[in-house]
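Here is a short briefing to read alongside the model. It starts with the core and then moves through the sheets, the helices and the ligand shell.

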Amino acid sequence: MGFLMDGLDAEDYDRTYNDRDLLRRILSYFRPKLGAMILVAVMIVLGSAAQAAIPTLGSLAVDAIADGTIGDVGWLLIAGVLGTGVLSWGFNYVRQKNSAKVTGDVVLSLREDAFDAVLKRDLSFYDETPSGKIVSRVTSDTDDFATVSTLTMDLISQVLMVGFVTVLLFVRSVELALLTLLVVPVVMGLALLFRRLARVSTRRAQRSLSRVNANLQETMGGIAVAKNFRQEQQVYDEFRPINRQSYQVTLRQGFVFSAIFPVLFLVAGLATVALVRLGGASVVAGGLSAGDWYLFLQGVSLFWFPLTSIAAFWSQFQQGLSASERVFALIDAPPRVVQTDSRPAGRLAGRIEFEGVTFGYDPAHPVLNGFDLVIEAGETVALVGHTGAGKSTLSKLITRFYEFQDGRLLIDGRDIRTLELGSFRKQIGAVPQAPFLFSGTVADNIRYPRPEATDEEVLAAASAVGGGDWIEALPNGLETDVGEHGRALSMGQRQLVALARLLVQDPAIVVLDEATASVDPLTEAQIQEGLDVVLAGRTSIVIAHRLSTIEHVDRIIVLDHGRIVEEGDHGTLLAAGGRYCQVYNTYFRHQSPNYKAGSGFVPVTSS
Ligand SMILES: Nc1ncnc2c1ncn2[C@@H]1O[C@H](COP(=O)(O)OP(=O)(O)OP(=O)(O)O)[C@@H](O)[C@H]1O
């Protein structure tokens, strides 16, 4: 059981809505479709009446055969059955057409709302939630939700038909009708019991499917790396248990669902046997006509079918409900990053001040504890330190990925929480290690932060980076298609595009996570030149991985376990022989042009 349920826990933002709230929320999506739904309801009533009329006509025919009048009324009855059949088809057609439209429209708006909510989520949300799981909520969960509306309409139509049939049965024989109805509470009791089981197993099945999706998504994203390292087998080995878990959980769901029918059919079968026996005896004794008896037997099957499908309905209905719960939870997920005000940031100078900032991804385990740091406007600072020291964490707080728990973070002396996020982010240029390029041309990607930028502005930005020579190396210059995720460009070219993009954005603060991938010396020089141009006049925080960067920045900050252990410029720090030298020996020493294996160590004299 443990293995079976591994990884099927709810997401952080999942919640349980009470039935009333959930229903109210669902109905709010249907309210705009009231007209079409009324039409559907009318068609359901007419269609159900037409369906109930056919066995009645049949029973009249049986009676007519019994009393020998079939020759006179036969054609009339045939015409009646034909007419009712055609009408029934017509009612059904109008109903299906309109209900498909209602369902489609509801899914459309729900999916739009879900996608809108996804776009509004904090960046920490994407840091923590596998994209496959998000995709699954926006696609398959909204689809499952649609089944709720289809099923509800089916249920209403079936309940109505049961109503018509019940009235007919009571008109013919009160005793037999009561006998038929006796079994209803048993069936409904079983259905309700089943409902609880179905809800739990359905939720698990949905979660296991989204786990499969998340795994697939991640695998596809990193397929090149996996293949490079010949890790196909390991990738497969990771997928297998997740897929098997989905199989097991879905199988279990199937077992739960299929268990109910044999039980229900058994109860229904016993009731039919009793009716055949008692009704038959009544016909023989003359208390009931043959036509009535026929109507009862037909009526019972008309009666049972909806009852059993109401029971089955619960399972799918629950599936739809828990899917809608998942979509609403996504839409309602509270933001982590909370602004206390929304004052326009305006053009910032770029002074950044951490004042006693405490932050932990898990608040119980802070990564930063009472952290202080001032970065002056226009200063270029390199953050260095061993892996896990807290370099990315600092940049994620400045870019407002995450909410810190204590202290203050001031930008130009203003509390970062009081700035309107949209205008603040326009002033922040963040460049990740592997810059992401969207499908389209190089020019489209450079223009991305400011779509109204003219061709001249785009060309000027591209030319300013690395002297612009790199554009000539592209097969179609700035019109070169970058391919999916920029795969048609080299790593170095992607970085140059990202730098040109920054120039078009013109932010006051740049947060740059330097690429670790090595590029050829020419591109390296172009990137360095590009950086000089792009960072000039802006406050820059560089998570440094390149020797040429640390040699040129105004100040290097050495971090260790979320604390500043040393700061100063490259020369001074090297001379000091402290913690910086350890970091230098580990990460930067070998990048020197004069490097020979095993050489270039800087002696560490204090730490
Ligand atoms: N999304 C996250 N959730 C939980 N813990 C995290 C998360 N990101 C980072 N951490 C933890 O926070 C600490 C600081 O990580 P951070 O990424 O800031 O280090 P870093 O100095 O940037 O390291 P690297 O050079 O490897 O990127 C580490 O202990 C890390 O495990």
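The largest nonpolar core has 73 residues, and those with the most contacts inside it are Ala382, Leu383, Ile446, Leu499, Ala500 and Ile556. Its largest share, eight residues, comes from helix 17 (residues 491-505). A second, separate core of 41 residues includes Val102, Ala146, Leu168 and Ala177. This is a predicted model, in which local features need pLDDT of at least 70 and side-chain atom pairs count only at pLDDT 80 or more, while totals for chains, interfaces and linings use all residues. Residues are numbered from 1 along each chain as its sequence is written.

**Terms for the core**

- A nonpolar core is a set of buried Ala, Val, Leu, Ile, Met, Phe, Trp, Tyr and Cys residues joined through C-beta atoms within 7 Å.
- A residue is buried if 20 or more other C-beta atoms lie within 10 Å of its own, exposed if 12 or fewer, and partly exposed in between, with C-beta atoms placed from the backbone.
- In soluble globular proteins, nonpolar side chains tend to be buried together.

**Overall make-up**

- The protein has 21 helices and 10 strands; helices (H or I, at least four residues) and strands (E, at least two) are DSSP runs, numbered from the N terminus.
- Buried residues make up 36% of the 607 residues in the protein.
- Of the contacts with a separation of 6 or more, 80% are between residues 24 or more positions apart; a contact here means that two C-beta atoms, placed from the backbone, lie within 7 Å.
- Ala382 is in contact with Val542, Ala544, Thr549, Ile550, Val553 and Ile556, leaving aside its neighbours within four places in sequence.

- Four strands form an open sheet in the order 2-1-4-5, with antiparallel pairing; two strands pair if DSSP finds at least two bridges between them.
- Strand 2 and strand 5 (414-415) are the edge strands, each pairing on one side only.
- Strand 1 (residues 352-359) is joined to strand 2 (residues 368-375) by five bridges. Glu353 has Val374 as its bridge partner in strand 2, and Val357 has Phe371.
- Strand 1 also pairs with strand 4 (residues 406-411) over five bridges, where Phe354 stands opposite Leu409.

**Gly378 in its loop**

- Gly378 is found in the loop between strand 2 and strand 3 (380-384).
- With 16 other C-beta atoms within 10 Å, Gly378 is partly exposed.
- Gly378 touches Gly350, Gly537, Arg538 and Thr539, not counting residues up to four places away in sequence.
- Gly378 and Asp554 are 176 residues apart along the chain, and their C-alpha atoms are separated by 9.8 Å.

- Strand 6 (residues 428-431) runs parallel to strand 7 and is joined to it by four bridges; Gly429 stands opposite Val510.
- Strand 8 (residues 539-543) also runs parallel to strand 7, with five bridges between them; Val511 stands opposite Ile541.

- The residues around the ligand are Asp127, Tyr361, Val367, Gly385, Thr387, Gly388, Ala389, Gly390, Lys391, Ser392 and Thr393; a residue counts as near a molecule if its C-beta atom, placed from the backbone, lies within 6 Å of it.
- This shell divides into three nonpolar, six polar and two charged residues. Ala, Val, Leu, Ile, Met, Phe, Trp, Tyr, Cys and Pro count as nonpolar, Asp, Glu, Lys and Arg as charged, and the others, Gly among them, as polar.
- Helix 12 (residues 391-398) gives the most to the shell, with three residues.
- Six of the eight residues of helix 12 are buried, so this helix is largely enclosed by the rest of the structure. The buried ones are Lys391, Thr393, Leu394, Ser395, Lys396 and Leu397.
- Just after helix 12, Arg400 takes a positive phi of about 65 degrees.

**Helix 2**

- In helix 2 (residues 19-30), the number buried is one of the 12 residues, so this helix lies largely in the open.
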